[in-house]
Amino acid sequence: MSTSVPVLEATHINKYFFEPTKFQVLKDVSFTIERGSFVSIVGKSGSGKSTLMYLLSTMDTDYEGEIIVNGERLTDKKQKELARFRNENIGFVFQFHFLLPEFSVLQNLMLPAQKLGRWSDEEIEQRAYNHLKTLGVEDQANKLANKLSGGQQQRVAIARALMNDPLIVMGDEPTGNLDSVNSEIVFDTFHRISREQQQTIIMVTHDEDLAARTDRIIELKDGEVIRA
Amino acid sequence: MKDFSLIFQIARTHLLSRVKQTIVAMLGVTFGISLFIGMVGLMTGLNDFTEELAMTSTPHIHIYNDVAVDRRTILDDSNPDGFNVVHHQKPKDEKQNLKDAFQIVRVIQQDERVLGVAPSVATQVFYNYGPVQLNGSVLGVNILAEDRMFDLRNKLRSGTLEDLLNTNDGLIMGVGLARKLNVQTGDRVTITTPQGYTMKLRVVGTFQMGMGAIDDVRSYANITTVQKIMQKDNQYITDINVKLKDQSEAESIAVMYQRLFGYRSVGWEEANATLIIGNIFRNILTYTVSITLLTVAGFGIYNILNMTIYNKMKDIAILKAMGFSAQDVTQIFLTQSIIIGLLGSLAGLMLGYLLAYGISKVPFDAGDVVNLTSLPVNFSITYYIIGIVFGMLTTSLAGYLPARKAGKVDPIEILRG
């Protein structure tokens with residue numbers, strides 16, 4: 001399996017916080033990530049690992065340097081174009097599940113795909129069921145999102161992240177709030193899609209054991225890359 | 001369009017997930033609009049009623065000889081450059097008639113803007129009722145021309161217009177006056193002019209204009225009858241009434257006639273200035289109260305939407321992470337306020353209609369002053385359109401500000417916790 005194509009390139013990233021005083025969070029961070037790899041970003045709390053992920057995710061645009069995803073330069077793009085880019089190419093999984101509570105599980109899954117507008121509603125529904133089935137939560141499809149257990153919600157969140165066949169799935173401590181059984185399910189899912197679908201996984205975690213089982217570890221300390 | 005149906009779906013889910021709040025926000029708009037409809041209906045109903053009332057007694061243009069016109073003294077003629085003071089100048093003993101009145105009538109008849117013109121001769125009289133003398137007036141008219149002007153036929157309570165034409169000593173008397181004199185159709189009544197001429201006339205009919213100021217004092221007679229009791233010739237005319245095709249032109253045409261004929265010429269708006277002022281005040285009141293109500297409703301929506309957005313920060317962040325743009329998020333919340341505004345306004349129109357209907361059924365006894373049994377209410381569709389447009393405008397505006405704020409929410413701060 002060829003993994004030599006860079007899907008993400010970050011060059012000379014510098015990032016500052018201005019509150020309460022000016023403080024450099026990321027110092028000249030550069031690396032590339034190959035397509036289909038399962039990468040974990042680790043580091044102590046305050047090392048800048050989450051900040052880095054949000055820069056890569058295109059949601060934070062206040063930085064110096066350059067980020068290129070899939071050959072497309074994202075730095076200096078307009079917010080609206082970035083929103084479109086996220087919708088199409090990036091899936092998110094957060095620590096605290098973050099489903100929309102007043103929508104059903106199925107609707108939660110369908111929203112990003114409906115926004116993309118690539119498929120008909122019937123197709124989208126079919127895809128949603130397939131993803132739910134893979135993650136073993138298809139029987140929850142018509143429940144309201146806030147009626148599910150934490151583990152179930154996180155599995156639904158992963159299914160949602162996969163809906164638009166994103167190039168990259170990003171996780172911010174996706175297992176941080178889960179028991180070991182559910183953590184294992186999340187990890188296995190990520191591992192499987194990186195192998196089978198050639199989708200790239202970038203996961204911020206502080207779980208050393210979990211990180212050790214990924215393809216590659218990028219370690220940050222005080223805003224600098226000390227292991228890539 | 002696909003995007004919009006998605007945004008609409010999200011907005012609808014948000015609204016339905018907190019029905020109580022949605023209904024409270026809607027009720028604010030509903031009450032605002034319904035009170036506007038009720039108030040504007042009553043106020044314009046009153047305006048229309050007073051205007052109609054004015055029209056029953058006032059011609060579009062009234063031409064008469066105004067005796068009080070200042071005149072130059074002889075001193076001014078003989079010493080034009082001097083500073084002349086004449087104390088206690090008295091009016092000349094002038095005839096109160098319009099000279100060449102029938103000539104004026106013919107000229108006015110040629111005017112394309114005129115629908116009808118009616119000459120008349122009016123005099124003050126005393127109606128003798130036993131020892132009591134009631135002050136009043138007799139108006140000598142061509143009764144058929146007067147009918148075209150004021151629709152007299154429908155205001156008759158007894159007798160017919162033709163009955164008057166067929167006599168030379170007939171009267172059609174106001175109902176209030178007839179009641180005071182205790183006379184009925186067919187009875188004879190004695191009148192005395194200020195000059196002391198006395199004559200017996202026969203009541204051939206009664207009329208009711210719906211205004212005490214007329215019904216209690218006026219009688220109609222033929223022109224020749226009045227000329228006779230005034231002991232004047234058959235060219236003696238004191239007033240010319242003109243009815244126009246478009247009543248809004250009255251003021252400008254009146255000015256023209258005054259210049260043309262040299263007699264005082266008054267449009268109905270000037271003659272009813274107090275009524276018109278009343279209308280303006282009522283309009284100001286209506287719109288002030290309505291704007292206040294809708295502004296309050298707007299603030300209600302603003303508040304509720306602000307609160308909603310504060311509670312939905314997390315959801316907004318997720319939507320943005322999913323790839324919804326700031327514009328999409330703004331549209332989601334703006335759509336919510338527009339839905340609230342639309343449904344609230346529609347409910348307001350219906351409630352407003354019921355309110356106006358209720359008001360129109362309130363019994364109202366104005367006594368002899370005006371002929372009214374219940375409050376007059378205007379149900380014109382115009383005000384319902386104004387109501388919904390106004391309702392939608394305020395809610396959109398009130399919704400736009402918080403919605404724009406929602407679009408500007410920075411997702412990272414929220415997602416990082």
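## Polar contacts between the chains

Chain B and chain A share 5 residue pairs in polar contact, both residues at pLDDT 80 or more. A polar contact is a pair of N or O atoms within 3.5 Å; within protein, one must be able to donate a hydrogen and the other to accept it, and residues adjacent in sequence count only if both atoms are side-chain atoms. On the side of chain B that touches chain A, α1 (2-16), α13, α14 and α16 (411-415) each supply at least two residues. Helices (H or I, at least four residues) and strands (E, at least two) are DSSP runs, numbered from the N terminus. The residues on this side of chain B divide into 10 nonpolar, 7 polar and 8 charged. Here Ala, Val, Leu, Ile, Met, Phe, Trp, Tyr, Cys and Pro count as nonpolar, Asp, Glu, Lys and Arg as charged, and the others, Gly among them, as polar.

This is a predicted model: local features need pLDDT of at least 70, side-chain atom pairs count only at pLDDT 80 or more, and totals for chains, interfaces and linings use all residues. Residues are numbered from 1 along each chain as its sequence is written, chains are lettered from A and ligands numbered from 1 in the order in which they are written, and side-chain values use heavy atoms, with hydrogens and water left out.

## Interface area and salt bridges

The contact (heavy atoms within 4.5 Å) takes 28 residues from chain A and 25 residues from chain B. About 2400 Å² is buried between the two chains, and carbon and sulfur atoms give 64% of it. Buried area is the accessible area (1.4 Å probe) that two parts lose on being put together, summed over both. M322(B), L415(B) and R416(B) supply 24% of the area that chain B buries against chain A, more than any other three residues.

There are 2 salt bridges between chain B and chain A. A salt bridge is a side-chain nitrogen of Lys or Arg within 4 Å of a carboxyl oxygen of Asp or Glu. E102(A) and K312(B) pair in this way, at 2.5 Å from N to O.

## Nonpolar cores

A nonpolar core is a set of buried Ala, Val, Leu, Ile, Met, Phe, Trp, Tyr and Cys residues joined through side-chain atoms within 4.5 Å. Buried means under 20% relative accessible area, exposed over 50%, partly exposed in between (1.4 Å probe, protein chains only). The largest core holds 58 residues, of which L8(A), F31(A) and L56(A) touch the most other members. Helix α13 (residues 313-322) of chain B gives the largest share of this core, 6 residues. A second, separate core has 43 residues, including I61(B), V105(B), V226(B) and Y257(B).

Leaving out residues up to four places away in sequence, F31(A) touches L8(A), E9(A), A10(A), L52(A), L56(A), R216(A) and I218(A).

## T335(B) in helix α14

T335(B) sits in helix α14 (residues 326-360) of chain B. Its relative accessibility is 9%, so T335(B) counts as buried. The T335(B) side chain reaches the backbone oxygen of Q331(B) at 2.5 Å. Beyond its neighbours within four places in sequence, T335(B) is in contact with F4(B), I7(B), F8(B) and A11(B).

## Salt bridges within the chains

Over all chains, the whole structure has 16 salt bridges. D165(A) and R127(A) form one at 2.9 Å, N to O. This pair links distant parts of the chain, 38 residues apart: D165(A) is in the loop between α5 (150-162) and β7 (168-172) of chain A, and R127(A) is in helix α4 (residues 121-134). D165(A) is partly exposed at 43%. R127(A) is buried at 19%.

In chain B, D169(B) pairs with R188(B), the closest N and O atoms being 3.5 Å apart. D169(B) lies in the loop between α6 (161-165) and β5 (170-174), and R188(B) in strand β6 (residues 188-192), 19 residues apart. D169(B) is buried at 17% relative accessibility, while R188(B) is partly exposed at 45%. In chain A, salt bridges that share partners join E66(A), R73(A) and D76(A) into one network. Within it, R73(A) and E66(A) meet at 2.5 Å, N to O.

## Backbone geometry

E19(A) and P20(A) are joined by a cis peptide bond, with omega about -5 degrees. P20(A) is in the loop between β1 (6-17) and β2 (23-34) of chain A.

D76(A) has a positive phi of about 70 degrees, although D76(A) is not a glycine. Its place is the loop between β5 (72-73) and α2 (79-89) of chain A. At 70% relative accessibility, D76(A) is exposed. D165(A), also not a glycine, has a positive phi near 50 degrees.
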